[in-house]
Amino acid sequence: RFIAKPCAINLGIQDSGPHRAQPNAILEKVFTSITKSPDGKRLEGLSKQLDWDVRKIQRWFRHRRNQDKPTTLTKFCESMWRFTFYLCIFSYGIRFLWTAPWFWDTRQCWYNYPFQPLTSRLYYYYILELAFYWSLMFSQFTDIKRKDFLIMFVHHLATIGLITFSYMNNMVRVGTLVLCLHDASDFLLEAAKLANYAKYQRLCDAFFMLFGVVFIVTRLGIYPFWILNTTLFESWELIGPYPSWWLFNGLLVTLQVLHVIWSYLIIRTASKALVRGKVSKDDRSDVETSSEEEDVTSNSTKGIFSTSSNGSNRLNGHVASGQWTGE
């Protein structure tokens, strides 16, 4: 309110929403009490009742659905908040872990387990991350629903479960590695969204490509060969098959499956960008265009985040073209 909004206004971002639908009592009643996406049979009936062309009615429903979507200014402010949080928490994590012995030798995560001290810096790192992911879990139900809603819901559940479980079992050392690794790419995604909302297309594309590289390297390279290696094999070797070994590693493997899905979506979006010369529209889009002509215009003038409602996202949530989120 006091920082992001003035920044957005200085960048020329207006607080104006999508084109509003023409007032019509009959269509409004259908929209609010029956369906927001009428089928062909209902469209034909409305066409006869109103003496409107079916295509015009379809366009009205598109405009009406888009009418309740958040404005670009709202999306910019939310992305700026997420960018600030991700950048600060990642910087804190790197600064904290740089001097931690288990950052350089993952076997240190299991020495003297479970009798490992919980320092105040480690405690606050965990509490901040847990609070943030709980906020994402709750806000997902109030935000605009997207195609990747289920994937992000599973992701938030797995993340909260891992943070809580590792804290309760004093597996905080390996937990900090997982948290820091996942924060490495999130702020780049939000930076790309900010650039897109401000209509800096080249900067947006550059940030997105950088995000894609960092995401794939960390999630498909470092995560399985560094994190999963220590939780699956080194822990078994050093402390044996502890009772919760299967649950803990099951949650970590679930995250890896989501990483693969999101990486595929990122690569697909990047491939489209190479063909079209810039990053394409987000396939998760919650905003619809009102006609085929508008579709063409949108694809030729807007970037991947032009129709994103809250960042989540969200790949919050994370991946372009299908979702990002975030962890």
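This is a predicted model: local features need pLDDT of at least 70, side-chain atom pairs count only at pLDDT 80 or more; totals for chains, interfaces and linings use all residues.
Let me step back for the overall picture. The protein chain has 12 helices and zero strands, and 53% of its 327 residues are buried. UniProt, in an unreviewed entry, places the feature "transmembrane region" at residues 83-103, 123-142, 207-226 and 246-267. Take two of those spans. Residues 123-142 are 85% helix and 0% strand, with end C-alpha atoms 30 Å apart. Residues 246-267 are 100% helix and 0% strand, and there the end C-alpha atoms lie 31 Å apart.

Now back to H8. This helix covers residues 149-168, which is 20 residues, and reaches 28 Å from its first C-alpha to its last, close to the 28 Å expected at 1.5 Å a residue. Which residues of H8 are buried? They are Met152, His155, His156, Ala158, Thr159, Ile160, Leu162, Ile163, Phe165 and Ser166. As you look at that list, remember that an α-helix has 3.6 residues a turn, so residues three or four places apart point the same way.

Let's look at one partner, H11. Two packed helices are described by the angle between their axes and the distance between the axes. Here the axes of H8 and H11 come within 10 Å and cross at roughly 145°, and the crossing is left-handed. From H8, the contact includes Ile151, Met152, Val154, His155 and Ala158. From H11, residues taking part include Leu247, Phe248, Leu251, Leu252 and Trp262. By class, this contact between H8 and H11 has 14 nonpolar, five polar and no charged residues.

Is Asn170 buried or exposed? Asn170 counts as buried because its relative accessible area is 15%, under the 20% cut-off.

Asp51, however, counts as exposed, at 71% relative accessibility. For background, most residues other than glycine have a negative phi, and most peptide bonds are trans.

The bond from Tyr113 to Pro114 is cis, with omega near 5°. You will find Pro114 in the loop between helix H6 (101-104) and H7.

Thr230 counts as buried, at 0% relative accessibility. What does Thr230 touch, not counting residues up to four places away in sequence? Its contacts are Thr106, Trp110, Val174 and Ser235.

The other stop is Gln67, in helix H4 (residues 54-67). Gln67 is buried too, with a relative accessible area of 16%. How far is Gln67 from Ala21, C-alpha to C-alpha? They are 7.2 Å apart in space, although 46 residues separate them in sequence.

Definitions and conventions: Residues are numbered from 1 along each chain as its sequence is written. Side-chain values use heavy atoms; hydrogens and water are left out. UniProt positions are given in the numbering used here, feature names are shortened, and annotations may be inferred rather than shown by experiment. Helices (H or I, at least four residues) and strands (E, at least two) are DSSP runs, numbered from the N terminus. The expected span of a helix is 1.5 Å times one less than its number of residues. Buried means under 20% relative accessible area, exposed over 50%, partly exposed in between (1.4 Å probe, protein chains only). Axes are lines fitted to C-alpha atoms, for helices over the stretch in contact, and angles run from 0 to 180 degrees between N-to-C directions. A crossing is left-handed if the near helix is turned anticlockwise from the far one by less than a right angle, and right-handed if clockwise. Contact means heavy atoms within 4.5 Å. Ala, Val, Leu, Ile, Met, Phe, Trp, Tyr, Cys and Pro count as nonpolar, Asp, Glu, Lys and Arg as charged, and the others, Gly among them, as polar.
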